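Please read it alongside the sequence and the structure.

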Amino acid sequence: MIQKAARDFAQAECLPGVIERDEKQKFPLREILKLAELGFLGMMVKPEYGGAGMDTISYVLAMEEISKVDASVSVCMSVNNSLVCYGIQEYGSEEQKQKYLTPLAQGKKNGELYIGAFLLSEPEAGSDATSQKTIAEDKGDHYLLNGTKNWITNGGTASVYLVMAQTDPLKKSRGINTFIVEKNWPGVTVGRIN
């Protein structure tokens, strides 16, 4: 049933305009909003957090069907499900799950698109996490993050980011932590693709 729903969605909603969206590097907003309506943005998230509570096989079948037609839509879906929702569901506090996971799994908050992005890659380091330069300084009641991330799927459209940053560079990989950052917080800027 899930595979058929994903196949039908891909053919009816993703196929029309797929080449034009790719050529114009246009974010598939309409398609992602429809994914949210189908419950495909939080497929493996527990129902108590607004997700569909499905298993990995169902998720993979849906990803496969959508990827056959529109890789851009499928990677947006994948990042929200596999990296952002999974990370918060498995490692977030109850407060973070209520605040972030629930709207991420539903793909909407206050009627607007609400998706996440995973910020690891950097200009000098690519996805080599141990070579990243983003630093998080402990200021007592908050952390101050400084750094640049790039090649971020959902980056310009996401409402919330999971940001990898060094809290202790001397510890190398053991000094890397993940921070939840909201797009509208002071100091957060989203650049354009050059």
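1. Tyr-86 counts as partly exposed because its relative accessibility is 41% (buried means under 20% relative accessible area, exposed over 50%, partly exposed in between, with a 1.4 Å probe and protein chains only). Tyr-91, at 67% relative accessibility, counts as exposed. Two aromatic pairs are counted (rings of Phe, Tyr and Trp, the last by its six-membered ring, pair if their centres lie within 6.5 Å; planes under 30 degrees apart count as stacked, over 60 as edge-to-face and the rest as tilted). In the pair of Tyr-86 and Tyr-91, the ring centres are 6.5 Å apart and the planes stand at 80°, so this pair is edge-to-face.

2. On the basis of the values: this is a predicted model, in which local features need pLDDT of at least 70 and side-chain atom pairs count only at pLDDT 80 or more, while totals for chains, interfaces and linings use all residues. Residues are numbered from 1 along each chain as its sequence is written, and side-chain values use heavy atoms, with hydrogens and water left out.

3. Helix 5 (residues 71–91) packs with helix 6 at an angle of about 160°, and their axes are 9 Å apart. Helices (H or I, at least four residues) and strands (E, at least two) are DSSP runs, numbered from the N terminus. Axes are lines fitted to C-alpha atoms, for helices over the stretch in contact, and angles run from 0 to 180 degrees between N-to-C directions. Helix 5 is therefore roughly antiparallel to helix 6 (angles under 35 degrees count as roughly parallel, over 145 as roughly antiparallel, 65 to 115 as roughly perpendicular and the rest as oblique). The crossing of helix 5 with helix 6 is left-handed (the near helix is turned anticlockwise from the far one by less than a right angle; clockwise would be right-handed). Among the residues in this contact are Val-84, Cys-85 and Ile-88 of helix 5 and Tyr-100, Leu-101 and Leu-104 of helix 6 (contact means heavy atoms within 4.5 Å).

4. Tyr-100 lies in helix 6 (residues 94–106) and, at 6% relative accessibility, counts as buried. Beyond residues up to four places away in sequence, Tyr-100 touches Ile-88, Tyr-114, Val-160, Ile-180, Glu-182 and Trp-185.

5. Helix 1 (residues 2–14) and helix 4 (residues 56–69) have axes 8 Å apart and pack at an angle of about 25°. The two helices, helix 1 and helix 4, are therefore roughly parallel to each other. Helix 1 passes helix 4 in a right-handed crossing.

6. Lys-46 is placed in the loop between helix 3 (29–38) and helix 4. Lys-46 counts as partly exposed, at 40% relative accessibility. Its contacts, not counting residues up to four places away in sequence, are Gly-51 and Gln-89.

7. Which value of phi does Asn-110 have? Phi of Asn-110 is near 55°, a positive value in a residue other than glycine. Asn-110 sits in the loop between strand 1 (108–109) and strand 2 (112–113) and is exposed at 75% relative accessibility. Lys-172 also has a positive phi, near 50°. The loop that holds Lys-172 runs between strand 6 (160–166) and strand 7 (176–182), and Lys-172 is exposed, with a relative accessible area of 58%. Most residues other than glycine have a negative phi.
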